[in-house]
Structures are given as structure tokens and as C-alpha cells.
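Biologist: I would like a close look at one residue of this model, followed by an account of the parts around which the rest of the chain is arranged. Please take the structure below as the starting point.

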Amino acid sequence: MAPSHAVRCCQRGLSWIPVIFINLVVCWSYYAYVVELCICKFIYLIVFHVFFFMFIWSYWKTIISKPASPSKEFCLPKADKELYEKEENPEAQQEILKRVARNLPVYTRTGSGAIRYCDHCQLIKPDRCHHCSTCDRCVLKMDHHCPWVNNCVGFSNYKFFVLFLAYSMLYCVYIAATVLQYFIKFWTNHLPDTHAKFHVLFLFFVATMFFISILSLFSYHLWLVGKNRTTIEAFRAPVFRNGPDKNGFTVGFRKNVTQVFGDQKKCWCLPLYSSLGDGYTFPTRLVNVDSEQGNVEHRAIKW
């Protein structure tokens, strides 16, 4: 018991290394840009601090936002839980789960058509919910676990994550663009021979490198937002009672975007929570009557 607890503590500590690395790079970039290069360029500093502030704000909002998990409503009642654990026949276990799921807004299934049940958390998974082995919990509308924020990206912080990518990209491209003139002087030997020249060299290369890598990731997540898919759903289509459908949750580009960013455009660029919905139920594009649950299963809902 003690060794496993010690291992978990070590894993938690090591998981913060990528976050510490990113913060050290950002702190160095701030020093190099503000102190070494732009101390006298007031306009540069104003724009730089706007991007810097929005980047740090969205980054730490992604880190500190606790992943939303299913409520106790999705846990098996005590009597059904005892029956489920005693039952050894998988088909009989599925019958127990189906009986409980009739009263829950659950419409997606496993690849074999069974009720999605998490043995670790001992609950019926809501639609788009998945278990994160790193966080050791089920996460609503889970997208992925990101080591750079040491957190699960899902329903509660996906908007913050997309804004973090956007502002980090703007932060990097702004630094690269404004440092370019010094970088050219460095290669043409017109830059004074001071220790600042090394900051110029590394600032340009680091900013450019991060910009290229973040641009591809940001473009991919913009595509996911437009399609109303998570990273998991992009690789494995959600399965409904009538089969898998990769576009099952797509309800049009505009509605897809408002699900993540909200219906008030003035809040779209701010890392303030404005996503629509509750994380349990989601509008879908098809209508199909579920005879077992006695309600509409694969349904279209107006926000």
C-alpha cells in the first residue's frame, strides 16, 4: 500500500515538470524581450504585455480548472451495484445496466452496442465522457490529457485550452516578428557585441519553433470545434444504437462554435467560462426513437 502511494506521489510531482518548463521559458522570454531588447520601445512593450497577459491568463485557467466528472446520479444504486458485482454473466450485467440507464440521458454505446460502464469509477458513463487513467477519474466531454498543462482537457476547460493555444501562438509570432530586425543585424554583424545578442538569437529561434508547432495544433482544434468533435471522437467515432457516426454531434458550424465559446461573442476572446450545456446531454443531428428507453435517443435539440 505504501509503495504504491509513494509511486503516485512521485508521478504527481513529475507531472509538473512540463508545466515548470513552460513557465521557465516564458519567464526567460519576458526578461529577454522586456529588459534586454525593448526597455525603451514603449509601443512594443504595450502590445507585448497584452499578449503576455492573455497568454498567462488562459494558460493558468486551463491548468487550475478542475475536470468536470459525472454526478452521483450516474452511479449504480446500492442494490443494483451489489447485483452487478455478484453477477458473473456479462449479459446479465448488461441487463442490470440497461435497467438503470433507462432513467438516464445516455444514448451512446460501446463498439459492441453495450452500455458504457466504468469499472474504475463504478458509474455509467454519460455521452462523450471517458475515463482518464492519469487523473484517475471520468471526465465529461473528455478531449485528451495534456501534459503541458498537467490536466485533463474536457467540458470544463476546453474553451480555455483553445484560447491558450491562440494567445501562445500570437505571443510567439509577435516576438519573432519584432525580434527579426535584431536577428538580421546579428547575422550582418551590425548588432553591438553585448550579451543581449545571445538573447536575440535564442528568442527568435525559440519563438519561431513554438509558433510552428502551436500553429498546427491550434488549426487542428479549430477544425474539431467546427465539427463538434473531441480528439477522442476524431480517432474513434461515437457509437449510437444505430451504429457509429463521426458526425453524430454536429449541428451546424455556428451552433458547434457556440457550444464551446457560448452565445455571447463579447466573451469569446476572454478566458471566462461561457460554454453552453451541462456536460451530460448534447444535441445531435439525427432523430431515432429508442424503444428500450422509451424516449428519443439520437435526437436534435434546440439550444
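Leaving aside its neighbours within four places in sequence, which residues is Ile96 in contact with?

Modeller: This is a predicted model, in which local features need pLDDT of at least 70 and side-chain atom pairs count only at pLDDT 80 or more, while totals for chains, interfaces and linings use all residues. Residues are numbered from 1 along each chain as its sequence is written, and side-chain values use heavy atoms, with hydrogens and water left out.

With neighbours within four places in sequence set aside, Ile96 is in contact (heavy atoms within 4.5 Å) with Asp80, Leu83 and Tyr84. Ile96 belongs to helix H5, residues 90-101; here helices (H or I, at least four residues) and strands (E, at least two) are DSSP runs numbered from the N terminus. Its relative accessible area is 7%, so Ile96 counts as buried, a term that means under 20% relative accessible area, against over 50% for exposed and partly exposed in between, with a 1.4 Å probe and protein chains only. Leu76 lies 20 residues away from Ile96 along the chain, with 9.3 Å between the two C-alpha atoms.

From this residue one can turn to the whole chain, which holds nine helices and 11 strands and in which buried residues make up 48% of the 303 residues. Among its contacts with a separation of 6 or more, 60% are between residues 24 or more positions apart.

Helix H3 (residues 42-64) has 23 residues and should span 33 Å at 1.5 Å a residue, which agrees with the 33 Å between its end C-alpha atoms; the expected span is 1.5 Å times one less than the number of residues. Its buried residues include Leu45, Phe48, Phe51, Phe55 and Tyr59, and their cover includes helix H2 (17-37), strand E7 (151-153) and helix H6 (158-187). Tyr59 itself touches Val19, Ile22, Asn23, Trp148, Val149 and Phe164, not counting residues up to four places away in sequence.

A nonpolar core is a set of buried Ala, Val, Leu, Ile, Met, Phe, Trp, Tyr and Cys residues joined through side-chain atoms within 4.5 Å. The largest has 47 residues, of which Phe48, Tyr59, Tyr158, Tyr171, Ile175 and Val179 touch the most other members. At least two residues of this core come from each of H2, H3, H6, helix H7 (196-227) and helix H9 (253-261), and H6 gives the most, with 17 residues. Another core, of 19 residues, lies apart from it and has Leu76, Val106, Phe155 and Tyr280 among its members.

The UniProt record, an unreviewed entry, places "transmembrane region" at residues 12-31, 43-60, 160-184 and 196-220; positions are given in the numbering used here, feature names are shortened, and annotations may be inferred rather than shown by experiment. Residues 43-60 are 100% helix and 0% strand, with end C-alpha atoms 26 Å apart.

As to confidence, the chain averages a pLDDT (the predictor's confidence in each residue, from 0 to 100) of 88, and 90% of the residues score at least 70. Residues 287-303 have a pLDDT below 50, although this stretch has 47 contacts in the model beyond near neighbours in sequence. Where pLDDT is low, the predicted coordinates should not be read in detail.
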